[in-house]
Amino acid sequence: MKKTEFLLSILLLIILFSCGKDEDPITIPEPQLSSKSEISKLVLEQNNLEYLTSISGNEIQVNEKLPYGTESIQIKSIEVSDKSAANVKAGDFFNISSGNFKINVTAENGNSKEYTVNITFEERKFEVTIFEPLMVSKSYTTPTYVHYMPWFESPEFAEFPNTERGNWGIHWTMSTKDPSNVDANGKREIAAHYYPLIGPYDNGEPHYLEYAVTCIKLAGLDGILIDNPGITEVYDARLLQEHTEAIIPWLKKAGLKFGLVYEDAALKNAEEQGVITDKVLEGKRVLSYMQDNYFDTDDYVNINNRPLLLNFAPQGIFTASEWESIFSDITPKPLFVTLPYTINNYNLNDVGAGEFGWVGESVNNDFNTYCQNSNFSLCIGGAIPGFNDFYMEGGWGDGFTYYDDMGGLLFEQSLQQVKTNDIDLLQIITWNDWGEGTIIEPSEEFGYSRLETLQNFLGVQYSENELELPVKLYQKRKEYKGKIFENQVLDQVFYYLVSLQIEEAKKLLDEI
């Protein structure tokens, strides 16, 4: 018998002998299986670059940012617990468009653990090229500006809002409306008969200012005349002043000029409320500020090397001697232009350089004829698309004379009549007085038609096709709020528009 067979026989006898006894059988313990399912190290690779990771619990963070637009990444190496296995291996690729991917590790005993590998990306960059603004070519050579109201506020940007009406400014609410109320079509309740094409806005919002100056430029206008109460802090004067200064840098970027239409009623109101004690002294302070901050700049409207200053009335200072005192420290002395028929009515011949037509004077030719026959140094004509104020409905008095726009005919007539007169400057009334309905700013009711009428009159080559680009720019700013790359692209759109690279601007807007 072979040795191996002998030993097996002996073992079998032992087993049989043991089974025959009453003693308990020998229990062999089950072996303990490992429960560890840990990833101890993970190294990734993309384009031959190695990316190390940090592991915390179930989260794995790639230590470095990957290039923007990276779609996949490869596992270079992975180390897991002894006697466990991962569902991935070196060389595997993963789609990372979502910013992460999963790895499962299963222990020897069947327990598993899921890890999330988190990836961050470098910011997408767009190099913006700043172009200098170009002048819009036009055939009408008389300088043409549009009257601009800086007094609108929205909750996001409001500084002095109407807290009883959703934090919207009083010029959107008046006393009866609340723009926080939105109808089924998404339209807000505002104190106006017409509705902005971009919706109610804030004059201090940078994106609004960008849209406004670009639209004004493409309309063929030379700039704006800003309704301004100066630095006298009464009522909402601080708001108007801050919004005045907010738009000036944008005008410069767009190659547009600005002038001021001084509301000297602020002096009267401040004196009545005890804010000031001397209107003339305060007027001197206001004019000194204007000279230091506006008059001496290249962007301010100057005629024959003198700054242009329109005055809405006068309403607070009525004598030539008082105005002379206010202007006494200003060099050169402004070209002071007041409302119609005020120079003779208030004996302002010694200080007044001329007059400017307003609403009523813009519906016929009487004022233009009178102004020229008066031998003023300066005659500023006006053109108006219509007048339809909301004051009665808004609880702000009985309102004023209604002027029907006649389907656009009134604007055409008021523009054409200035051509028959030797005016020095034309003021369009207005860009955005929604409360009085004199707006040429794009609206839901009129679209771009009023601006197109103006373009045709000025002899500008552009039309609605170009005017809609600033509106799209504004809408894209809202859509991509907070997104760096997209807003850099939109910055480029702006610079294309103000440098009249229209096709390039349109292409970027269509692509984004």
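**Buried residues and a disulfide in a predicted model**

I429 counts as buried, at 0% relative accessibility (buried means under 20% relative accessible area, exposed over 50%, partly exposed in between; 1.4 Å probe, protein chains only). The model is predicted: local features need pLDDT of at least 70, side-chain atom pairs count only at pLDDT 80 or more, and totals for chains, interfaces and linings use all residues. Residues are numbered from 1 along each chain as its sequence is written, and side-chain values use heavy atoms, with hydrogens and water left out.

I429 lies in the loop between strand 17 (425–428) and helix 11 (449–458). Helices (H or I, at least four residues) and strands (E, at least two) are DSSP runs, numbered from the N terminus. Setting aside residues up to four places away in sequence, I429 touches G357, W358, V359, S362, G382, A383, I384, P385 and T438 (contact means heavy atoms within 4.5 Å). F387 is 42 residues from I429 along the chain, and their C-alpha atoms are separated by 9.6 Å.

D299 is also placed in a loop, between helix 6 (279–295) and strand 12 (302–303). D299 is buried, with a relative accessible area of 15%. Beyond its neighbours within four places in sequence, D299 is in contact with K252, L256, K257 and F258.

A disulfide is a pair of cysteine sulfur atoms within 2.5 Å. By this rule, the count is one disulfide. C371 and C379 form a disulfide, with their sulfur atoms 2.2 Å apart. The torsion about the S-S bond of C371 and C379 is about -105°, so the disulfide is left-handed. Both C371 and C379 are buried. C215 is buried too, with a relative accessible area of 0%.
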